[in-house]
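Subject: Structure for you to look through

Dear colleague,

I am handing over the structure below, and after it you will find notes on what turned up. Please read them with the model open beside you.

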Amino acid sequence: MTIDEIRDNFALLDDWDDRYRYVIELGRMLDPMPEDEHSTANKVNGCASQVWLSRKLTHNADNEPVLNYLGDSDAHIVRGLIAILLSMVSGRTPKQILAAEPIAVFDELGFREHLTPQRSNGLRSMIERIKADAHATLAASS
């Protein structure tokens with residue numbers, strides 16, 4: 001699902017209980033992460049829940065590096081947040097990832113007022129991890 005589709009669906013839901021249910025449903029639709037990728041190397045520090053992000057490096061038709069992600073969490077709502085985040089960054093080049101502003105999109109969707117400080121910190125940790133991956137990939141391809 002694209003971030004534009006998620007935005008459109010969010011706009012149709014006025015009640016935050018319905019929006020939370022939708023976020024949980026997005027998490028259920030995440031591609032499964034193989035058990036062996038639930039590793040210490042893929043674990044995201046700074047999250048109250050257990051969160052893992054694994055990346056695969058591919059190249060596009062212009063031979064630019066592209067980062068593809070799988071994500072998982074032991075918390076349903078966090079899996080949904082991962083799904084929203086990955087809709088913005090997975091399958092993108094490092095330059096596109098670094099230009100993206102996921103926090104602004106989450107704010108636009110109203111999450112700033114509806115996430116606990118712990119969840120907000122965890123979301124920032126996920127974004128920082130993905131941006132660090134993008135920086136490292138750019139450095140390695142230079």
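The largest pocket of this predicted model has a volume of about 270 Å³. On a 1 Å grid over the protein atoms alone, a pocket is an open set of points with protein on both sides within 12 Å along at least five of seven lines, a cavity is a set of points where a 1.4 Å probe fits but cannot get out, and lining residues have an atom within 4 Å of a point. Grid points are joined across faces, edges and corners, and a volume is the space filled by probe spheres set on the points. Of the 13 residues that line the largest pocket, M1, M29, L30, D31 and A83 are the closest to its centre. Strand 2 (65-73) and helix 3 (76-89) are the elements that give two or more residues to this lining, where helices (H or I, at least four residues) and strands (E, at least two) are DSSP runs, numbered from the N terminus.

As for the numbering and the model itself, residues are numbered from 1 along each chain as its sequence is written. Because this is a predicted model, local features need pLDDT of at least 70 and side-chain atom pairs count only at pLDDT 80 or more, while totals for chains, interfaces and linings use all residues, and side-chain values use heavy atoms, with hydrogens and water left out.

The structure also holds 1 cavity of 30 Å³ or more, and the largest cavity has a volume of about 60 Å³. Among the residues that line the largest cavity are C47, V78, L81, R119 and M126, and the largest share of the lining, 5 residues, comes from helix 7.

Lastly, strand 1 (residues 51-59) and strand 2 run antiparallel and are joined by 9 bridges, where two strands pair if DSSP finds at least two bridges between them. In strand 2, L70 is the bridge partner of S54.

Best wishes
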